[in-house]
Amino acid sequence: MKLLHRNIFKELLSIFTLSISGFMGLILIGRLLQFRDLFMGQSISALGLAKLFMYLCPFFLLLLTPIATMLSIFLTFLRMNADNEITALKSGGLSLYRLLPAPIIFCLLCTGADFYFSLYGLSWGTENFRNSLMELARTQSQLAIQPGVFNKNFPGLVFYAEGVDDKNGIMRSVFVRDNTRKEMTATIVAPLGEIRTDPMMGRLLIHLENGRIYQQEREQLSVLKFKNYDVRIPLANILKGYDVDELRPKEMSWEKLVRISRAGDRAGDIEPGFFKKVQVEVQKRLALPVACLVLGMFAMPIACIFRGLKQQYGLLISMGLFLVYYTMLSLGVSFGESGVLTPVIGLWLPNVSFAFISVFLLKMAVMEHSFSIRIPFLKKLRRKKNDS
């Protein structure tokens, strides 16, 4: 039995590794195409590009681990069923219940890994990805602001600095003309300035000290003195349209999500719509890892029930079943955010439904109820080959 469980576990692990690698490769290629304008417009090294992709991995692994788990168990037991290995084991006195330890342990390991991605990895990747983009924007802005040159690369803003320190980026004798506000023009002069980043708010700022603001609104002119003043630089022009605003719920850490969720109505500065999204995200972070166990246990009896099914068609069936699960999950997210259903019901209904179905199918598989899959088109092709 130990040898049997060890071989099943090895096959599960190999298919899981192949599935995760293939899915991640396709997704990262898609992201590379999506960010091609950003990467081609900036001087990013291959190492920097690899680091950016690495920071995105936890977000994708959270979604891909359940489907890879389901696919691994489905294809493993489908092959065993097609090669009559399960029939041979049953004839030797072993039931399907005796084969459960290996897939259960595998599903629990995948569930634990997905919980790590959900509670810790996602926030780590998001924070580092935003920090890297903000640092890239800050570096490119420093390069754009050359000493003694009027810079007009940012819409509505004109920058001028008499001197720029290459080591720390401190600017001397700074002049800024701000035309971003309607019916008002602001001219800002300051002896010192520095480009700063605010990753949490997604802002790139030029921090000025001990200067004056000359505001002209129609025929009125006002002069204001300041000790510290920040001019926001539009990031869309630097990052080629990539949106780096305030943190969205799916980018927040688990601790922050729980803190906002517990605050509830007592947090007066939180909008009701945003609070619902936070509640949905909390349940989603918990439901997706559990889906590894649920979908894995759902895939095993499905693979044992269907006979005469090749692996390529099994792949289509497993992807279709996961599409059904993901559709239910997406509807739960939409209904939870709109208030039609509570987030607990909307996000956990797919797991509960598939868990009950998996128990029913497992009993069918143990009682040796099966369905044979016959495709008429393929049957005709086989007859033609035999006749020829």
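Trainee: Let's start with the overall make-up. How many helices and strands are in the protein?

Mentor: The model is predicted, so keep that in mind as we go. Counting along the protein gives 10 helices and seven strands.

Trainee: And what share of the residues is buried?

Mentor: The protein has 388 residues in total. Buried means under 20% relative accessible area. By that cut-off, the buried share is 42%.

Trainee: Among contacts with a separation of 6 or more, what percentage comes from residues 24 or more positions apart?

Mentor: Here we look at contacts between residues with a separation of 6 or more. Those between residues 24 or more positions apart account for 69%.

Trainee: Now to single residues. Is Ser19 buried or exposed?

Mentor: Ser19 sits in helix H1, which covers residues 2-34. Setting aside neighbours within four places in sequence, Ser19 contacts Ala68 and Leu71. Its relative accessible area is 9% and the cut-off is under 20%, so Ser19 is buried.

Trainee: How far apart are the C-alpha atoms of Leu64 and Ile20?

Mentor: Leu64 belongs to helix H3, residues 46-82, and counts as buried at 10% relative accessibility. Beyond its neighbours within four places in sequence, Leu64 is in contact with Ile20, Phe23, Met24 and Ile27. Leu64 and Ile20 are 44 residues apart along the chain, yet their C-alpha atoms are separated by 6.9 Å.

Trainee: Which element gives the largest share of the largest nonpolar core?

Mentor: That core has 67 residues, and those with the most contacts inside it are Ile8, Met24, Ile73, Phe77 and Leu99. Elements that give two or more residues to it include H1, H3, helix H5 (101-144) and helix H7 (272-305). The largest share, 19 residues, comes from H3.

Trainee: Which residues does Leu99 touch, not counting those up to four places away in sequence?

Mentor: Leu99 is one of the residues with the most contacts inside the largest nonpolar core. Leaving out residues up to four places away in sequence, its partners are Leu4, His5, Ile8, Phe77, Leu89 and Met300.

Trainee: How many residues are in the other core?

Mentor: That core lies apart from the largest one, and Met171, Ala186, Leu204 and Val231 are among its members. Its size is 18 residues.

Trainee: Why is Leu349 called partly exposed?

Mentor: Leu349 lies in helix H9. Partly exposed runs between the buried limit of 20% and the exposed limit of 50%. Leu349 gets that label because its relative accessible area is 43%.

Trainee: What does Ser123 contact, leaving aside its neighbours within four places in sequence?

Mentor: Ser123 is in helix H5 and counts as buried at 16% relative accessibility. Its contacts, leaving aside neighbours within four places in sequence, are Met252 and Ser253.

Trainee: Let's turn to backbone angles. Where is Asn210, which has a positive phi?

Mentor: Most residues other than glycine have a negative phi. Ser173, in strand E2 (residues 171-178), has a phi near 55°. Asn210 also has a positive phi, about 55°. The strand that holds Asn210 is E4, residues 203-217.

Trainee: Is Asn210 buried or exposed?

Mentor: Ser173 is partly exposed at 35% relative accessible area. For Asn210 the value is 52% and exposed means over 50%, so Asn210 is exposed.

Trainee: Last one. Which exposed residues are on the face of H6 turned away from its buried side?

Mentor: In helix H6 (residues 254-263), the residues Trp254, Leu257, Val258 and Ile260 are buried. They cover an arc of only 165° around the axis, so they fall on the same side of H6. The face turned away from that buried side carries the exposed residues Arg259 and Arg262.

How values were computed
Residues numbered from 1 in each chain as written. Predicted model: local features only at pLDDT ≥ 70, side-chain atom pairs only at ≥ 80, totals over all residues. Heavy atoms only, no water. Helix = DSSP H or I, 4+ residues; strand = E, 2+ residues; numbered from the N terminus. Buried < 20%, exposed > 50% of the residue type's maximum accessible area, 1.4 Å probe, protein only. Contact = heavy atoms within 4.5 Å. Core = buried A, V, L, I, M, F, W, Y, C linked by side-chain atoms within 4.5 Å. Arc of directions from axis to C-beta.
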